[in-house]
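Please look over the sequence and the fold shown below.

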Amino acid sequence: MVFEGYETVLDIDGVGPVGEYAVFSVMPQARFRQPLGDGHWVPYVITGLGLGYQEYNDRKPRGANQSFDVQPYGIAASLGAGLEYFLTGTLSLHIDARYLFARGQTLRYEHGPTRAANLDSLLLSLGLRVHFAGTHLR
């Protein structure tokens with residue numbers, strides 16, 4: 001299960017930046033991996049499908065007295081690939097890149113038209129993993 005989030009600046013055509021838009025996702029992910037050689041290097045692909053939540057926050061001066069109507073929930077999906085290096089049998093370093101699909105949300109600024117929001121993003125991560133007993137690859 002993965003929980004992740006990011007923020008982007010909300011920029012309205014003809015108005016400019018009016019605030020920030022936070023995007024969060026919760027999704028189970030499947031990771032398919034194949035150890036190479038002695039098992040120290042393990043490339044993998046990841047995919048997932050879950051729930052996306054978005055919220056408007058941190059208003060900028062141009063959006064201070066304006067109203068926003070947002071559809072906060074939508075489907076989120078991810079697809080990516082990475083590489084893991086096992087330092088020990090249960091400890092590894094990893095780097096991966098995932099594309100998060102966060103579509104289907106709508107936004108209405110003031111009394112204007114409702115617009116579809118494409119909040120897709122490329123996410124990069126570098127980290128340390130601890131693999132519990134019975135899950136190591138070496």
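**Pockets, core and selected residues**

The largest pocket has a volume of about 200 Å³. The model is predicted, so local features need pLDDT of at least 70 and side-chain atom pairs count only at pLDDT 80 or more, while totals for chains, interfaces and linings use all residues. Residues are numbered from 1 along each chain as its sequence is written, and side-chain values use heavy atoms, with hydrogens and water left out.

Rolling a probe the size of a water molecule over the atoms shows where empty space is left. Here a pocket is an open set of points, on a 1 Å grid over the protein atoms alone, where a 1.4 Å probe fits, with protein on both sides within 12 Å along at least five of seven lines; lining residues have an atom within 4 Å of a point. A volume is the space filled by probe spheres set on the points, and grid points are joined across faces, edges and corners.

The lining of the largest pocket is made by Val2, Phe3, Glu4, Gln29, Arg31, Ile46, His94, Asp96, Arg98, Ser125 and Arg129. Three of these lining residues are nonpolar, three polar and five charged (Ala, Val, Leu, Ile, Met, Phe, Trp, Tyr, Cys and Pro count as nonpolar, Asp, Glu, Lys and Arg as charged, and the others, Gly among them, as polar). At least two lining residues come from each of strand E1 (2-12), strand E3 (29-33), strand E7 (91-102) and strand E10 (121-130). Strands (E, at least two residues) are DSSP runs, numbered from the N terminus.

The second largest pocket has a volume of about 160 Å³. It is lined by 13 residues, and Leu10, Asp11, Ile12, Leu107 and Ala117 are the closest to its centre. Two or more lining residues are given by E1 and by strand E9 (114-117); E1 has the largest share, five residues. The lining of this second largest pocket holds eight nonpolar, two polar and three charged residues.

Leu10 also belongs to the largest nonpolar core, a set of 17 residues in which Leu10, Val18, Phe68 and Leu119 touch the most other members. Such a core consists of buried Ala, Val, Leu, Ile, Met, Phe, Trp, Tyr and Cys residues joined through side-chain atoms within 4.5 Å. Buried means under 20% relative accessible area, exposed over 50%, and partly exposed in between (1.4 Å probe, protein chains only). Phe68 touches Leu10 and Val18, and also Tyr56, Arg59, Gly63, Leu107, Arg108 and Tyr109, not counting residues up to four places away in sequence; contact means heavy atoms within 4.5 Å.

Ser78 lies in strand E6 (residues 73-86). Its relative accessibility is 3%, so Ser78 counts as buried. The side chain of Ser78 makes a polar contact with the side chain of Gln29 at 2.7 Å (a pair of N or O atoms within 3.5 Å; within protein, one must be able to donate a hydrogen and the other to accept it, and residues adjacent in sequence count only if both atoms are side-chain atoms). Gln29 is also one of the residues that line the largest pocket.

Is Gln71 buried, partly exposed or exposed? Gln71 counts as partly exposed because its relative accessibility is 37%. Gln71 sits in the loop between strand E5 (68-70) and E6. Leaving out residues up to four places away in sequence, Gln71 touches Tyr21, Gln54, Gln105 and Thr106.

Key
Helix = DSSP H or I, 4+ residues; strand = E, 2+ residues; numbered from the N terminus.
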